Amino acid sequence: MMSYLRPTLAMTACALALGALSSPAQANDLRASLEDDMPDLMELYRDLHANPELSFEEHETAAKLAKRMRALGFEVTEGVGQTGVVSVMKNGDGPVVMLRADMDGLPVIEQTGLPYASTVTATPASGVTTGVMHACGHDTHMAGFIGAAQLLAERKDEWSGTLVMILQPAEELGLGAIAMIEDGLYSRFPKPEYVLAFHDAAAPAPAGTIGYTPGYALANVDSVDIHVKGIGGHGAYPHTTVDPIVLGSAIVMKLQTVVSRSSSPLDPAVITVGSFHAGAKHNIISDEAKLQLTVRSYSDESRQLLLDGIRRVARGEAVTAGLPEELMPVVTVEEPYTPSTFNDPDFTEARAAAFRSRFGEQRVFEAPAVMGGEDFSQFRRADPDNVKSMIFWISGTPAEMLTALKEEGKPLPSLHSPFWAPDAEAVVRTGAEALASAALDLMPANGG
């Protein structure tokens, strides 16, 4: 996932004031069972952390987790969407509930200093051999997922319906969810009425704190390339050229007005130029420049406005520079893109209320939407009239990091950082209980 929970200052102050996490008012049988499972789940977490695999290369990860799911009594199908795993447990009449965890690591050289730190190397599509690390916490997601599966398999007399649990590849590429859907996730297997997932967060809040966002939670993510053409020549005689660097620079500056003047100030939008490559020598004016953009929005309408604006600006600046039609810039929008994640508001508020009842008021709070992206969005988008979904955050920030933030102003490492080492035990424990309890609420033993 590209970016996560960033509470407002007011929320941050509230979270830091919590100190120790609150406990539920009544004894919790689910939590007691989970406590017995935690040593094994943490051993699994450490194994997953030490042995990450890149997107669509999660072969060993998928195999070891599929084996565990079979042992729990699930009907397991591997190789869905290349390396995805679908596990189904039918348990009488009732709704179909799907729980999801993502599996892929990142091309990051780990620098956490953990005794079980990854030393794995791999060569991604870039062709550059690199270290591989679970720098986004997907190892905590998988361990919590297995914990929830164990709790639910042990309690078949407490729920009725069909449980579908999926292990998704390639979330970091934004391609794994759509790969599973295109490989028949909703036709070969029971189609869910409800879909749930959690993600760890590098948030200024105690580890184990749950954040949720009704409505839009994460953004559309578009990657856009602009090939700016020009007429090259000698740097001493610029009047004989049309300089693509000057033209590209004008495009970069003008693009900012698409957000500031074309988009409503009440509709969040981002256009960032992350790369600008042109030229090879001091005294040569190149005949091309290449720009790479990331574009963020929430609604389909806002997305289209931004993409149309980028095309309009690129062409307009080229016309102003005097380029002929055959040298107009080429704007390419990468497909497939990552659609925005929408948490169904009523469904999300109901789940949040249940979490408050279970975990205590202080451990659950409403978080603002962010402009990062997550392909979890695809599961609802495939059938928005019949599938309700919610992704929620679980803070993984260790107590010592919170203390350093509060007392020294030392910033937290972000997700995707080589230094991100979450309080995995808090994330796994909270994630397993939250997923399992949500499934039990949605699939009561009487069939609902």
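Biologist: Is Ser-417 buried or exposed?

Modeller: This is a predicted model, so keep that in mind throughout. Ser-417 has a relative accessible area of 10%. Buried means under 20%. Therefore Ser-417 counts as buried.

Biologist: Where is Ser-417 found?

Modeller: Look in the loop between α10 (399-408) and α11.

Biologist: Which residues is Ser-417 in contact with, leaving aside its neighbours within four places in sequence?

Modeller: Ser-417 is in contact with Met-133 and Ala-135.

Biologist: Now helices. What describes two packed helices?

Modeller: The angle between their axes and the distance between the axes. Take helix α4 (residues 138-154) and α11. They pack at an angle of about 40 degrees. Their axes are 8 Å apart. That angle makes α4 oblique to α11. The crossing is right-handed.

Biologist: Which residues make the contact of α4 and α11?

Modeller: On α4, they include Ala-143, Gly-144, Ala-148 and Leu-151. On α11, Val-428, Ala-432, Leu-435 and Ala-439 are among them.

Biologist: How many residues of that contact are nonpolar, polar or charged?

Modeller: The contact of α4 with α11 has 13 nonpolar residues, 3 polar and no charged.

Biologist: At what angle do α2 and α3 pack?

Modeller: Helix α2 (residues 29-50) and helix α3 (residues 59-71) pack at about 165 degrees. Their axes lie 12 Å apart. Angles over 145 degrees count as roughly antiparallel. So α2 is roughly antiparallel to α3. Here too, α2 passes α3 in a right-handed crossing.

Biologist: Which residues make the contact of α2 and α3?

Modeller: From α2 come Asp-40, Leu-44, Asp-47 and Leu-48. From α3 come Thr-61, Lys-64, Leu-65 and Arg-68. They divide into 3 nonpolar, 1 polar and 4 charged.

Biologist: What do nonpolar side chains tend to do in soluble globular proteins?

Modeller: They tend to be buried together. In this model, the largest nonpolar core has 57 residues. Leu-163 and Phe-392 have the most contacts inside that core. Helix α11 (residues 424-442) gives the most to this core, with 11 residues.

Biologist: Which residues does Phe-392 touch, not counting those up to four places away in sequence?

Modeller: Phe-392 touches Ala-197, Phe-198, His-199, Ile-210, Gly-211, Phe-355, Ala-434 and Leu-435. Leu-435 of α11 also takes part in the contact with α4.

Biologist: How many residues are in the second, separate core?

Modeller: The second core has 27 residues. Val-80, Val-88, Ala-177 and Val-195 are among them.

Technical notes: Residues numbered from 1 in each chain as written. Predicted model: local features only at pLDDT ≥ 70, side-chain atom pairs only at ≥ 80, totals over all residues. Heavy atoms only, no water. Axes fitted to C-alpha atoms, helices over the stretch in contact; angles between N-to-C directions. Helix = DSSP H or I, 4+ residues; strand = E, 2+ residues; numbered from the N terminus. Parallel < 35°, antiparallel > 145°, perpendicular 65-115°, else oblique. Left-handed = near helix turned anticlockwise from the far one by under 90°. Contact = heavy atoms within 4.5 Å. Nonpolar A, V, L, I, M, F, W, Y, C, P; charged D, E, K, R; others polar. Core = buried A, V, L, I, M, F, W, Y, C linked by side-chain atoms within 4.5 Å. Buried < 20%, exposed > 50% of the residue type's maximum accessible area, 1.4 Å probe, protein only.
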